[in-house]
Structure formats: C-alpha cells, structure tokens
Amino acid sequence: MLVVLTVVAVWYLQHRPPSTRVAIQPALETFNGCGMEGDASSLAVRELNLLKNRYTSPEPQQIDPRATLAAMLEPGDDRVRWNDHHAAEITGYVWEVKVGGVETVNCHAADPPDRDTHIELVLDPMNGQEDRRVIVEVTPRSRTLAGQRGEDWSTPALRDHFHGRWVRVRGWLLFDTEHRDQSANTAPGRSRDWRATAWEIHPVTNLEVVDRPR
C-alpha cells in the first residue's frame, strides 16, 4: 500500500495543473560567481556582506513599526537604534538614484547591472542636504527577483520611474559599518559626511510610488 501511495504522489506532483504549482525561488546563494560573503578578506566585512546580500522578503511580523524615515533622521549616535535582523517600511521623496560603487559585496563587479543601486531619500523635497538623506539599496539579487515579477529594477529604470517622486520602500534594516565615519549621526561635523545615518534599508524588497504624505 505504501508503494502505491508513493507512486500516486509522484504522479500527482508531475501532472498537477500549473495553477496549483508552487513558485520556487531560484538559488541565489551564488550570483554571477559571487557568494553571499562577497570577496572581502575581513571577517567583519564578510559578515556584513551576508546581510547585504539577503534575498528573502521580510515577514510582516519582522517589520519594526518604529522605523520611519523621520526616526532614521533623528540626530544622535544611532548605532543601536535599530536591529539589522528586523525590517522596515518607510516613505520618502527620492532625491537621487545612482549606481553604487565597486565593492566587496559584489566581488568588485564593475558592470552597473552587477552593482548595487543607491537611492537617496529625503523627508522634505525642499531640503536635500547630504545630512538629511537616508540611503536604501537595490542589490543585483533583488533586481533579479524583481525581474521575475515583471519589474525592471535596473538603475536607469529605477531613476526614470522613481526619481523626484514619493515612494514607499520595504526591506531589511542594515547598519552599514563601512559608512559610519561618513554619517552625521555617528561622525558629526566631519566634512566628508555625505549621509544622515549609516542605517539603510538594504536590500530593498519592495518599492512603489505613493501620494505625498499629508
């Protein structure tokens, strides 16, 4: 009887209607020959890259409702303000969209499609000062998953569609220690500060245009 049931189960899995099949995410542990840790030599950076290269979407219970754009812009040393095993959903105005740098997280890939996209959000469209910007990042892995949903998350497409608009961004919280000395909250007063905080949404898992908040 067990053999018969097994044969029936296998037959069903092979012949069930397409509408009942479960969509399976592709294996993205290795992407374009680059593993989740990237090619960093430092253990700390390898561990950071593992967080940056996450490609699963957060569950609703993992989203921290306290993490808003206004809260992320609050001044003061914010290293322990959030938890990078939690996620956030924030709304902001897109000040800039550009290709990220050549970094260990992507094994020093030089081609723009294999690099992160930096999206700079501000709370006030009339104030785009560097110390009032929060960075959110689309990664090559999240770009691939968006493509499977029929969404073009290439840097040019993201710029064309979202630049100068209000957006709602969902994804994983991340404190990017590589930029803590370039952030106003953790390195106040330095001339090389180009962001408000080292906290990011990285990677972005969902991005949509919304009306300007009242």
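Guide: A helix here is a DSSP run of H or I, at least four residues long, and helices are numbered from the N terminus. The model is predicted.

Visitor: Which residue just after α5 takes a positive phi?

Guide: G164 does, with a phi of about 75°.

Visitor: Now α5 itself. Which of its residues are buried?

Guide: Buried means under 20% relative accessible area. In α5, T155, A157, L158 and F162 are buried.

Visitor: Why do they line one face of the helix?

Guide: Look down the axis of α5: its buried residues fall within an arc of 160°, so they line one face. The face turned away from that buried side carries P156 and D160, both exposed.

Visitor: What covers the buried residues of α5?

Guide: The cover includes the strands β3, β4, β5, β6 and β7, along with the helix α4 (140–148).

Visitor: Take I119. What is it in contact with, leaving aside neighbours within four places in sequence?

Guide: V94, E96, V97, V134, I135, V136, V138 and L207.

Visitor: Next, H179. Buried or exposed?

Guide: H179 is buried, because its relative accessible area of 13% is under the 20% cut-off. It sits in the loop between β6 and β7.

Visitor: Which side chain does a polar contact join to that of H179?

Guide: That of Q182, at 2.7 Å. Leaving aside neighbours within four places in sequence, H179 is in contact with W194, R195, A198 and E200.

Visitor: Last, E74. Where does it lie?

Guide: In the loop between α3 (69–73) and β3 (87–99). E74 has a relative accessible area of 45%. That value falls between the 20% and 50% cut-offs, so E74 is partly exposed.

Visitor: What is E74 in contact with, beyond its neighbours within four places in sequence?

Guide: R81 and N185. N185 is 111 residues from E74 along the chain, yet their C-alpha atoms are separated by 8.1 Å.

Terms used. Residues are numbered from 1 along each chain as its sequence is written. This is a predicted model: local features need pLDDT of at least 70, side-chain atom pairs count only at pLDDT 80 or more; totals for chains, interfaces and linings use all residues. Side-chain values use heavy atoms; hydrogens and water are left out. Helices (H or I, at least four residues) and strands (E, at least two) are DSSP runs, numbered from the N terminus. Buried means under 20% relative accessible area, exposed over 50%, partly exposed in between (1.4 Å probe, protein chains only). Contact means heavy atoms within 4.5 Å. The arc is that of the directions from the helix axis to the C-beta atoms. A polar contact is a pair of N or O atoms within 3.5 Å; within protein, one must be able to donate a hydrogen and the other to accept it, and residues adjacent in sequence count only if both atoms are side-chain atoms.
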